[in-house]
Amino acid sequence: MQQLKPQMTVMTEQNQAFASDPAGGNPLSEDWSGPFGVGPFDRVEPEHFRPAFARAFAAHEAEVAAITADAAEPTFANTIEALDKAGDALMRVSSVFYVLAGAHTNDAIQEIERELAPQEAKHWNRILMDEALFRRIDALHRGRDRLGLTTEQARVLDRYHVMFKRAGAALDAAPKARLAEINERLAALGTSFSQNVLADEQNYALVLEGEDDLAGLPDFVRAAAQATAEERGLAGKHVITTSRSSVEPFLQFSARRDLREKIFRAWIARGDGGGATDNKAIIAEMVALRVERARLIGYPTFAHYRLDDAMAKTPEAVRALLDRVWQPARRHALADRDAMQALVQAEGGNFMLAPWDWRYYAEKLRKVRCDIDETTVKPYLQLERIIEAAFYTANRLFGLTFERREGIPVWHPDVRVWEVRDAAGGHRGLFFGDYFARASKHSGAWMTAMRDQERLRGDIRPLVVNIMNFSKAGAGEPTLLSFEDAKTLFHEFGHALHALLSDVTYPMVSGTSVLTDWVELPSQLYEHWLERPEILSRFAVHYRTGESMPRDVLDRLVAARTFNQGCATVEYVASALLDLDLHLQQPAAPDAERFDIGAFEQAALTRIGMPAEIVMRHRLTHFGHIFAGSGYAAAYYSYMWSEVLDADAFAAFEEAGDIFDAGTAKKLRDHVYAAGGSRDPAELYTSFRGRLPTPEGLLKRRGLSEETTAPSV
Ligand SMILES: [Zn+2]
């Protein structure tokens, strides 16, 4: 996942209480003279944020007001560049705040977050709906061919024009006022959605008492459960939480079917438990408000609105891709289900396979089919070595080096910092790694930039963050990853490289500021290197013996890549299809309360023929991608869209006969990792590869091609 940064913001209404500093000054509003201009994480307290935001909003507002007040004819410099330069103070305060809100939050931060969301929306509305400002942008856009712009400048102008039009800048006063209201309400709802999910995760713990409850669990699952218990004040016990990295290994290994069922039900019920943290009413209202907004701007549904500004362009194009993948994935998943049911019978089990059994029996089936299981692989996947592997790959491809830095302010003692240098030794930026799960952190994995690369305000180098939720090993033990965890690390590091290698002039198109169905290409592509023997044989080293992963284990691990892909694809595509269908709905706002989310979900799953033994990867009530903010709303398909591209992009290295081929790596850097959003993504891809790909490479990579049939047990 890639966290979309808070948009350029302006805000005007502050009351005095919001604006007064605590005694002793405010580190957020002082010069950030610390090393590399990193935010004052070592000194900041929650009470500093309100006044700092108030000042930053006011400063940004003044900068924007100066642009519209300029009596001179609009030029690219006095309008677009000026806009792109504005909001520096706000970006800095936001960067500190949102890292804390995501990765190390508390009640005070959550309260500010709830207050801030609608205020930010209001601030942003004022800018994006400013008539005088839009007139200047529109005039420039109409005369763009006569402005003598570079390719990047033309793209920046176009992006501003699209952004303002899509925000409703060209509308009359009445619809504008309604849009502003909708945006503020949506911002507040998105924050509540996300906080409800976090509360459900924090409030649930499966406490394991004694050896009976631990049946089947390998050492590494026990150790992680022990560490979690300690963190939750239950030292000496074992605790499993509904964080994916805690619950999935338990479901894979626990021989206790009753406990598997118990935690599985809690896991998929997040946000759906009734009571104060239930998200169904929030979703209904958000969906209604989104369609209303889309219609005000001139689109029939939110999905049409959302996709018009994506590579995919239309809901039909998205559905065509998802449908192309769904049937083969479903066939493979059903064949796997039958094979697992046979295993249940063979063991003398007298029950039908249920969703909480899938991972447990899949693990057994993998052992049978591929002669490999998680306990064989995991001792070789030490977090420290996988981080090294990610750095090594970046060095071989792009010449980057990483040097650990101490003494830089961070938000939690577990956070580490590296200075990143290019092949010539020049400073490129800082990379922050925050790898371990904790109760104060939202679940999932994401990348964000506390500062983007640009050249408009000087030679600005990026500050890039990866947040993950790996279960931390006990004291003195190395943290071991599953192969999926290791892939997540490579994935987020791929996003980080997109920001670190960015080589553009304008903040508007820097790094990961690109279309959502393009943004997953650099991240998913990077995962391919992890699966290669050139990387695994070097970095997969047994944590006790120090031996490299034996070649036959490595071969079996790579060969097992397509195992269970039917299920994984069904889980994902079901979530993507429901996201699309939900945002093609047209419930009118007054009916929102009668829009029954539970019934919608059930009906949609029945219609697509969802296998009863599989639950969608993200049920709607905790689908943060599409409701905690609007980043991936009607755009969850983006991962698969990007996967069509990454399957084809990696093939370029295979065709060159060397996964580090210098010529291919240079093209990849120039046209993908360094290019940000400076050109249209289809153009960028074509410059790299000479053409656009078809979905066949993706199907083949997932083992779902027509010619591949699922093997029998
Ligand atoms: Zn991602």
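**View 1. Crossing of helices α15 and α26 in the predicted model.** The axes of helix α15 (residues 315-346) and helix α26 come within 10 Å and cross at roughly 75 degrees. The two helices are therefore roughly perpendicular to each other. On the α15 side, the contact is made by A317, L321, L322 and V325, and on the α26 side by M640, W641 and V644. Classified by residue type, this contact of α15 with α26 contains 7 nonpolar, no polar and no charged residues.

View 2. With neighbours within four places in sequence left aside, F653 is in contact with L397, W529, D658, I659, F660, D661, T664, A665 and L668. V162 is 491 residues from F653 along the chain, and the C-alpha atoms of the two are separated by 35 Å.

View 3. H491, at 7% relative accessibility, counts as buried. E520 also counts as buried, its relative accessibility being 0%.

**View 4. R428 in strand β5.** Strand β5 comprises residues 427-436 and contains R428. The relative accessible area of R428 is 10%, and the residue is buried because this value is under 20%. The R428 side chain reaches the backbone oxygen of S502 at 3.3 Å. Apart from neighbours within four places in sequence, the residues in contact with R428 are L400, V420, R421, D422, R461, P462, L500, L501, S502 and R669.

**View 5. The polar contact between T79 and R136.** T79 is located in helix α3 (residues 76-85) and is buried, with a relative accessible area of 0%. The side chains of T79 and R136 are joined by a polar contact of 3.0 Å. Beyond its neighbours within four places in sequence, T79 is in contact with I67, P74, R136, I137 and L140.

**View 6. F36, a non-glycine residue with positive phi.** The phi angle of F36 is positive, at about 60 degrees, although F36 is not a glycine. The residue is found in the loop between α1 (16-19) and α2 (49-69). At 27% relative accessibility, F36 counts as partly exposed.

**View 7. K313, a non-glycine residue with positive phi.** K313 has a positive phi of about 75 degrees and is not a glycine. The loop that holds K313 runs between α14 (302-308) and α15. With a relative accessibility of 46%, K313 counts as partly exposed.

Note on methods. Residues numbered from 1 in each chain as written. Predicted model: local features only at pLDDT ≥ 70, side-chain atom pairs only at ≥ 80, totals over all residues. Heavy atoms only, no water. Buried < 20%, exposed > 50% of the residue type's maximum accessible area, 1.4 Å probe, protein only. Contact = heavy atoms within 4.5 Å. Helix = DSSP H or I, 4+ residues; strand = E, 2+ residues; numbered from the N terminus. Polar contact = N/O pair within 3.5 Å; in protein donor to acceptor, adjacent residues only side chain to side chain. Axes fitted to C-alpha atoms, helices over the stretch in contact; angles between N-to-C directions. Parallel < 35°, antiparallel > 145°, perpendicular 65-115°, else oblique. Nonpolar A, V, L, I, M, F, W, Y, C, P; charged D, E, K, R; others polar.
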